[in-house]
Amino acid sequence: NKQVVLKRYVEGAPKVTDMEMKIGKIELKAPKGSGAFLVKNLYLSCDPYMRGRMRNFHGSYIPPFLPAQPIEGFGVAKVLDSDNPNFKPGDFISGITGWEEYSLIHDTSQLRKIQPDDSIPLSYHVGLLGMPGFTAYVGFYEICSPEKGEHVFVSAASGAVGQLVGQLAKLHGCYVVGSAGSSQKVDLLKNKLGFDEAFNYKEEADLDAALKRYFPQGIDIYFDNVGGDMLDAALLNMRDHGRIAVCGMVSLHSFSDPNGIHNLFCLVPKRIKMQGFLQSDYLHKFPLFLEHVTENYKQGKIVYIEDMNEGLENAPAAFVGLFSGKNIGKQVICVARE
Ligand code: NDP
């Protein structure tokens, strides 16, 4: 059983050498009486939050990974053998599994069965129809309180979460601008994902001036995926009664970035609402989300861009690439197709 394990807790930006491949032994059977089931992992998700689990810090909402153990993350897998009456061989599941070829799963609390559908790639269950898509949905509808015609700004806009936020905002009748880190991503935002405008933040010497160019009358909603300097510039450009959904701060994921926020004072005179959120607090909305996004996807009103890397051995590099913007769209690892 090929596995990717965490070698040691990570300091600063994650590196490929913080992880290593190992060959573990696994019985290709679910032990009788265990209530567990054995899966073959097909698609694994690389998500920025996993960086937080690579440090030895217990005060977070989720515990650290265990060194020398397979990394845990969202995946799509097929059940091969089962001692759990609710999961049968041949079933497909989506949820927390391991960065390995086969996993024995005991904890089903974060798992759901998925129905294969020829019109939807299975891998979308870790992207568009999985945790990142759900994050976009709850972040936009629950935190941003959007109104038709409002002006919306999304950072890391071509990523797993951002690309759906922008499309939901367009479907809601908003004006939407995204920022991303390359001209290829900017092109995708404007020509494939339907954003009204997009810009490459790496080419802007002055982020405040860039936002003033795209939002001469100000921003009603900022969906923040990055924190740092972009958040600081957005604060200066918010309209009165604007909302900032603090989804993540990927620019701070090395935990060594000194970027401080200077413009928080804007919250007061502009009566801005700024709220962090965790998608996991809204799981009761998951069925509604699935219905909404699946329907729009099938009608061709939503598209989704994936960055698919083949082979478990390429998972560490793909993961590390998230923090320098190597991924174009949702980063997925294909371990096996079936
Ligand atoms: P993405 O697919 O967007 O990948 C990460 C992207 O972040 C990179 O492609 C890169 O895009 C951008 N990035 C990396 N480093 C920096 C930097 N220093 N400054 C600015 N941008 C940077 O990831 P996701 O869509 O999966 O996640 C987006 C955000 O949402 C993350 O902050 C994540 O932690 C958060 N999140 C929050 C959840 C919640 O419940 N609150 C749940 C899921 C995700 P580019 O080339 O454009 O720079």
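Let me start with Phe 92, which lies in strand E5, residues 92-98, and please keep in mind throughout that what we have here is a predicted model. Phe 92 has 18 C-beta neighbours inside 10 Å, and it therefore counts as partly exposed, since the label buried would require 20 or more. Leaving aside residues up to four places away in sequence, Phe 92 touches Val 76, Lys 78, Lys 113, Ile 114, Pro 116 and Leu 122. Val 79 is 13 residues from Phe 92 in sequence, and the C-alpha atoms of the two are 6.3 Å apart in space.

Let me turn now to the sheet, which is an open one of six strands, running in the order E10-E9-E8-E11-E12-E13 with parallel pairing. Its edges are formed by E10 and by strand E13, residues 273-276, each of which pairs on one side only. On average, and ignoring direction, neighbouring strands of this sheet are turned by 15° against each other. Helix H3, residues 183-191, packs on the sheet, where it touches E10 and strand E9, residues 175-180, and its direction makes about 175° with that of E10. Within the sheet, strand E8, residues 151-154, pairs with E11 in the parallel sense over three bridges, and Phe 153 has Tyr 222 in E11 as its bridge partner.

That leaves helix H4, residues 207-214, whose buried residues are Leu 207, Ala 210 and Leu 211. Because these residues cover an arc of only 95° around the axis, they sit on the same side of H4. As for what they pack against, the buried residues of H4 meet strand E10 (197-200), strand E11 (219-224) and helix H5 (228-237).

Conventions. Residues numbered from 1 in each chain as written. Predicted model: local features only at pLDDT ≥ 70, side-chain atom pairs only at ≥ 80, totals over all residues. Buried ≥ 20, exposed ≤ 12 C-beta atoms within 10 Å, placed from the backbone. Helix = DSSP H or I, 4+ residues; strand = E, 2+ residues; numbered from the N terminus. Arc of directions from axis to C-beta. Contact = placed C-beta atoms within 7 Å. Pairing = 2+ DSSP bridges. Axes fitted to C-alpha atoms, helices over the stretch in contact; angles between N-to-C directions.
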